[in-house]
Amino acid sequence: MARINSGKYRHIVTFQRLKEAQNLYGETSVNVDENWEDAITARVGIFPISGREALSEDVRQSEISHRIVLRYTKGIESNMRIKFGTRIFDIISPPVNNYERNDELLLFCKEREVLPTGVNIYG
């Protein structure tokens, strides 16, 4: 195994998986926190890649992309999300086994913008 700088894994996050909870119409909402359950807790490194902000129909939309690095762990899937404090990251690509050595996983994520309670974005 290769040497890994453990100092870069300074953030403790929780990987969450979507439960099989359905509403009256048979749909599962990914925007409801109660529909997610904790799966794995791990130490990771979170590195911003890019950010973008746009104004569309008087609504501010921002998008921040991140690269998240963690030690190789089985069970991480692209349909999970990552919770870091109050921040939520959606995994937007399959996990990449860095250099195919089973040392590190690379995850490319998009940070979800969390609106304060009571804010109506639909006017």
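Reader: Which residues does I68 touch, not counting residues up to four places away in sequence?
Author: First, what you are looking at. This is a predicted model, where local features need pLDDT of at least 70 and side-chain atom pairs count only at pLDDT 80 or more, while totals for chains, interfaces and linings use all residues. Residues are numbered from 1 along each chain as its sequence is written, and side-chain values use heavy atoms, with hydrogens and water left out. Now contact: it means heavy atoms within 4.5 Å. I68 touches V44, G45, I46, I82, F89, L105, L106, L107 and C109, with residues up to four places away in sequence not counted.

Reader: How do I read a nonpolar core, and which residues touch the most other members of the largest one?
Author: The general idea: in soluble globular proteins, nonpolar side chains tend to be buried together. A nonpolar core is a set of buried Ala, Val, Leu, Ile, Met, Phe, Trp, Tyr and Cys residues joined through side-chain atoms within 4.5 Å. Buried means under 20% relative accessible area, exposed over 50%, and partly exposed in between (1.4 Å probe, protein chains only). Here the largest nonpolar core has 15 residues, and F15, I68, I82 and L107 touch the most other members. Two or more residues of this core come from each of strand 1, strand 2 (36-56), strand 3 (59-71), strand 5 (87-91) and strand 7 (104-112). Strands (E, at least two residues) are DSSP runs, as are helices (H or I, at least four), numbered from the N terminus.

Reader: Which side chains does Q16 join by a polar contact?
Author: A polar contact is a pair of N or O atoms within 3.5 Å; within protein, one must be able to donate a hydrogen and the other to accept it, and residues adjacent in sequence count only if both atoms are side-chain atoms. Another, of 2.7 Å, joins the side chains of Q16 and R81. Beyond four places in sequence, Q16 touches W36, E37, D38, A39, M80, R81 and K83.

Reader: What about R81: buried or exposed?
Author: R81 lies in strand 4. R81 is buried, with a relative accessible area of 2%. Leaving aside neighbours within four places in sequence, R81 is in contact with residues including T14, F15, V30, I88 and R112.

Reader: How do I read a salt bridge, and how many does the structure hold?
Author: Side chains of opposite charge can pair when their charged atoms come close. The cut-off: a side-chain nitrogen of Lys or Arg within 4 Å of a carboxyl oxygen of Asp or Glu. The structure holds 5 salt bridges. One of them joins the side chains of D33 and R81 (3.0 Å, N to O). That pair links distant parts of the chain: D33 is in the loop between strand 1 and strand 2, R81 is in strand 4 (residues 81-84), and they are 48 residues apart. D33 is exposed, at 51% relative accessible area.

Reader: Which residue forms a salt bridge with K8?
Author: E104 does, with the closest N and O atoms 2.7 Å apart. This pair also links distant parts of the chain: K8 is in the segment before strand 1 and E104 in strand 7, 96 residues apart. K8 counts as partly exposed because its relative accessibility is 29%. E104 is buried, at 9%.
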